[in-house]
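Trainee: I would like to learn how to read features from a protein model. Could we go through some together?

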Amino acid sequence: MKIILSLLYLISVLSQESEIIHLKNGKTSKVKILEVNDYGIKVAEEEGYRYITYDALEPAFAYKIKRKSLSDLDNPITRVTLAEFCAKIGLWREAINEYETAKQLDPNMAEDLDKKIEGLKVNTAKEKFEHGRQTAQIGKRDNNLSQIEKAIKVFNEIIQDFPDTIFKQEAENELSKLEDFLKDMKFQKEKKLEEEKQKSESKEEE
């Protein structure tokens, strides 16, 4: 019996086409996907199999695999489940698209789904704002222009992507603060250079 099961397993593995999976750490791996479930994917190995959770996969790839595994995409409930999956892994645009598709499939769900979409936008904007503010604080503390540039990018994204949330105004306020900080940083740098120049000239005169 064990031999038969082993042979059946090998046949199932061989019948699967290899696919390149994209991991969150930037690496890729060519594997045979045996199963896709609520927690991740099951991939074949030389002596058995192993599981890779969705958290370990690059978000866009995780969404692609999850969506590909579903056979009832004409079911609005499936689309809502897929939207919630996208929201969980940080793909807010894809989540909204799935909610919108669910609304088209069942207009009776529109009111509830509009609330979900609005809640998703607010929560995403809030998370981005907190991240941007923390990044800005680090940048100002360490006079790190790279961190400040990252914060500016995050705040600009909030203004562009979430104009109907309270965080648009908050992001604009933070950008104004960063502008003042950079102006002061520029002034202090120029002042220091001028002082060094004067010291150098004084020494030459002596």
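Mentor: Start with Glu19, which lies in strand S1 (residues 18-22). Keep in mind that this is a predicted model.

Trainee: Is Glu19 buried or exposed?

Mentor: The cut-off for buried is under 20% relative accessible area. Glu19 has 19%, so Glu19 counts as buried.

Trainee: Which residues does Glu19 contact, leaving aside neighbours within four places in sequence?

Mentor: The contacts of Glu19, with those neighbours set aside, are Ser29, Lys30, Val31, Ile33, Phe61, Lys64, Ile65 and Lys68.

Trainee: How should I read a salt bridge?

Mentor: The general idea is that side chains of opposite charge can pair when their charged atoms come close. In this structure, a search of the whole model finds 16 salt bridges. One of them joins the side chains of Asp38 and Lys66, at 3.4 Å from N to O. Asp38 sits in the loop between strand S2 (28-36) and strand S3 (40-45), while Lys66 belongs to helix H2 (residues 59-68). The two are 28 residues apart, and the pair links distant parts of the chain.

Trainee: Which of these two partners is buried, and which is exposed?

Mentor: Asp38 is exposed, with 61% relative accessibility. Lys66 is buried, with a relative accessible area of 10%.

Trainee: What does the salt bridge between Glu98 and Arg67 tie together?

Mentor: The side chains of Glu98 and Arg67 meet at 3.7 Å, N to O. Glu98 lies in helix H4 (residues 92-105) and Arg67 in helix H2, so this pair ties together parts that are 31 residues apart in sequence. Glu98 is buried at 2% relative accessible area, and Arg67 is partly exposed at 33%.

Trainee: How far apart are the closest N and O atoms in the salt bridge of Lys186 with Glu190?

Mentor: For Lys186 and Glu190, those atoms are 2.6 Å apart. The two residues are four places apart in helix H7 (residues 167-205), which means that about one helical turn separates them. Glu190 is partly exposed, with a relative accessible area of 40%. Elsewhere, salt bridges that share partners join Arg67, Arg79 and Glu98 into one network.

Trainee: How do I read a pocket?

Mentor: Look at the volume, then at the lining residues. The largest pocket holds about 270 Å³ of space. Its lining consists of Asp38, Tyr39, Thr53, Tyr54, Asp55, Lys66, Thr81, Glu84, Phe85, Lys88 and Ile89.

Trainee: What is the volume of the second largest pocket, and which residues line it?

Mentor: The volume of the second largest pocket is about 190 Å³. Ala87, Gly90, Leu91, Trp92, Leu120, Asn123, Thr124, Glu127 and Lys128 form its lining. Helix H5 (residues 110-142) gives the largest share, five residues. The classes in this second lining are four nonpolar, three polar and two charged.

Trainee: How do I read a nonpolar core?

Mentor: Ask which members touch the most others, and which elements contribute. The largest nonpolar core has 45 residues, and Ile21, Ile41, Leu57 and Phe155 touch the most other members. Elements giving two or more residues to this core are S2, S3, H2, H3, H4, H5, helix H6 (145-161) and H7. As for Leu57, its contacts beyond four places in sequence are His22, Leu23, Lys24, Ile41, Ile52 and Ala62.

Trainee: Where is Phe162, and is it buried or exposed?

Mentor: Phe162 is in the loop between H6 and H7, and at 1% relative accessibility Phe162 counts as buried. Residues up to four places away aside, Phe162 touches Trp92, Lys121, Thr124, Ala125, Lys128, Glu157 and Lys168. The C-alpha atoms of Phe162 and Lys121 are separated by 6.8 Å, although the two residues are 41 apart along the chain.

Trainee: What does Glu157 touch, not counting residues up to four places away in sequence?

Mentor: Glu157, in helix H6, touches Lys128 and Phe162 on that count. Glu157 is partly exposed, with 26% relative accessible area.

Notes. Residues are numbered from 1 along each chain as its sequence is written. This is a predicted model: local features need pLDDT of at least 70, side-chain atom pairs count only at pLDDT 80 or more; totals for chains, interfaces and linings use all residues. Side-chain values use heavy atoms; hydrogens and water are left out. A salt bridge is a side-chain nitrogen of Lys or Arg within 4 Å of a carboxyl oxygen of Asp or Glu. Buried means under 20% relative accessible area, exposed over 50%, partly exposed in between (1.4 Å probe, protein chains only). On a 1 Å grid over the protein atoms alone, a cavity is a set of points where a 1.4 Å probe fits but cannot get out, and a pocket is an open set with protein on both sides within 12 Å along at least five of seven lines; lining residues have an atom within 4 Å of a point. Grid points are joined across faces, edges and corners, and a volume is the space filled by probe spheres set on the points. Ala, Val, Leu, Ile, Met, Phe, Trp, Tyr, Cys and Pro count as nonpolar, Asp, Glu, Lys and Arg as charged, and the others, Gly among them, as polar. A nonpolar core is a set of buried Ala, Val, Leu, Ile, Met, Phe, Trp, Tyr and Cys residues joined through side-chain atoms within 4.5 Å. Contact means heavy atoms within 4.5 Å.
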